[in-house]
Amino acid sequence: MTGKSGALLFTLLIALAPCAVLAQQTDEEKVGRSAAAQLLGAAKLVDSPAAQKYVNAVGYSVAQSSGANYKWHFGIVASDSINAFAMPGGYILLTSGLAKLLESEDDLAYVLAHEVAHVTRHHHYQVIQRQGLAEQASKNLQAVSKDDEMAKLSLASGQIYARGLDKTAEFESDRLGVEFMAKAGYDPAAALGVLDRLQQFKGQDPRTELLFSTHPSPSERFAALVDSGIDKLPRREAKPDANREKRFKVFHDAI
Amino acid sequence: MQVDRALLGRLRSCLAAAILLCAAVCSAQVVREDLILLDKPDGKPMDIKLKGGTPVKALKRQGFWVELEAGGKNGWAKISTINYSTGSGGPSAIDTGRLGTGNIVSTSAARGLSAKDLLQGKANFDEVEKLEKLSFDLAALPAFRTAGGVQPGGANIALSAAKPASAGKPGAETQKPSQPAGEKKKGEGDDW
């Protein structure tokens, strides 16, 4: 191979790299990618690599205990809204507004584990499949030039996230999420603490408007977890780990 | 316009009484089964026995324990011993010892990610590429977990799908993703 042809091949490989990434993705991942694009069009990622890395570390920790084998992508977006979103294929976003409300790494583990459960149970993907959008995605998302089709899918995804899921899907994600976080080694009682804090916002604050319109009330979710036997789960009563508290504080200060 | 101060005073008293009554009723819970209250979380039994169906007031939650008041006496019980579903106040009526009102500030508008933003926003695939580059190096995970004292909680942990978490739909129609991704690696990672 001559130097010129080698350089040409290298240039081609670089140019085609995004296409190759898309081609390797499953339909579910392609749909999730498009949904993530819609959400990230409304709010960008927080510009703190350290905080993003931390969220991914905690996220991978709970995701591993789910047993699902996805390429996970966790991120914090800059928004005052208090909410978190799970996209098909392993894309998970939470708002800086929600992250600021959390008080410990265990709280963060619960929020991320709840979203991981949505992904592993394919809650959003099933809605998209029922609407016939998944097939459209598989046909069109490989061709990066078909912007209109991608935009259509992204918009449809936006509608799903604005409308929310069935209540049973939310209860199931709470239950599975608590299992994932407890298996990973986090305190399951943190889930009750987060729901306690969310309940304080009920009907009082526009930051929780979308969360409360798309989810059962935190008090219902709290009661459902109690009914599921959350207080039978093993729990370390020892003092919280100092290092864990310290690194959470660093994260909290960075967002 | 002249105001009858005595009438205003009586109205204020009535309003205060109504608020207190509502607070008491709204935070009422019911004991599920006969139980004996403990002197502290996981503590010793006290001489306070409650029959199933007894109304109680949940005062404070600590982990999986809740301090109850019944008939002027206080004691602790596991959270599952009371029926949260019957109390319209829900858990928000309970002091967890960590809650304050200071962090709840009403704002005129939330920035980003409202339903309108989601519907009217334009997809941003450049940000997705940034998100995809944030993927965590799995080799660093054991070190991260060890540094934070996060030890596996056991494989047999399971909650029951009790009401209202019937969880049959739509999640029951599970499908495995057709292509697994994300290989797990072992090894040392970052210094956390």
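**Two chains and their details**

Modeller: In chain B, 28% of the 192 residues are buried, where buried stands for 20 or more other C-beta atoms within 10 Å of a residue's own, exposed for 12 or fewer and partly exposed for anything in between, with C-beta atoms placed from the backbone. This is a predicted model, in which local features need pLDDT of at least 70 and side-chain atom pairs count only at pLDDT 80 or more, while totals for chains, interfaces and linings use all residues. Residues are numbered from 1 along each chain as its sequence is written, and chains are lettered from A and ligands numbered from 1 in the order in which they are written.

Colleague: What share of chain A is buried?

Modeller: Of the 255 residues in chain A, 63% are buried.

Colleague: And how many helices and strands are there in chain A?

Modeller: Chain A has 13 helices and three strands; helices (H or I, at least four residues) and strands (E, at least two) are DSSP runs, numbered from the N terminus. Chain B has four helices and seven strands, and its pattern along the sequence is α-β-β-β-β-β-β-β-α-α-α.

Colleague: In what order do the three strands of chain A lie in the sheet?

Modeller: The sheet is open, with the order β1-β3-β2 in chain A and mixed pairing; strands count as paired if DSSP finds at least two bridges between them. Because β1 and β2 of chain A are at the edges with a single partner strand each, one side of each has no neighbour in the sheet. From one strand to the next, the twist averages 15°.

Colleague: Which helix packs on that sheet?

Modeller: Helix α3 (residues 49-64) of chain A does, touching β1 and β3 of chain A, and its direction makes about 135° with that of β1(A). Axes here are lines fitted to C-alpha atoms, for helices over the stretch in contact, and angles run from 0 to 180 degrees between N-to-C directions.

Colleague: How many bridges join β2(A) to β3 of chain A?

Modeller: Four bridges join β2(A) to β3 (residues 91-95), and the two strands run antiparallel. Ala86(A) is placed opposite Ile92(A) in β3(A).

Colleague: Turning to the loop between β1 and β2 of chain A, is Ser79(A) buried or exposed?

Modeller: Ser79(A), in the loop between β1 (73-77) and β2 (84-87) of chain A, counts as buried because it has 25 C-beta neighbours inside 10 Å.

Colleague: Which residues have the most contacts inside the largest nonpolar core?

Modeller: That core has 106 residues, and those with the most contacts inside it are Ala36(A), Leu39(A), Val62(A), Ala109(A), Leu112(A) and Met181(A). The term covers buried Ala, Val, Leu, Ile, Met, Phe, Trp, Tyr and Cys residues joined through C-beta atoms within 7 Å. The most is given to this core by α5(A), with nine residues.

Colleague: What is Val62(A) in contact with?

Modeller: Leaving aside neighbours within four places in sequence, the contacts of Val62(A) include Ala109(A), Leu112(A), Phe180(A) and Met181(A); a contact requires C-beta atoms, placed from the backbone, within 7 Å.

Colleague: Where is His122(A), and what is its phi?

Modeller: His122(A) is in the loop between α5 (105-120) and α6 (123-130) of chain A, and has a positive phi of about 60° although it is not a glycine. Most residues other than glycine have a negative phi. His122(A) is buried, with 23 other C-beta atoms within 10 Å.

Colleague: And Asp42(B), buried or exposed?

Modeller: Asp42(B) is exposed, with 12 other C-beta atoms within 10 Å. Its phi is also positive, at about 60°.

How values were computed
Contact = placed C-beta atoms within 7 Å.
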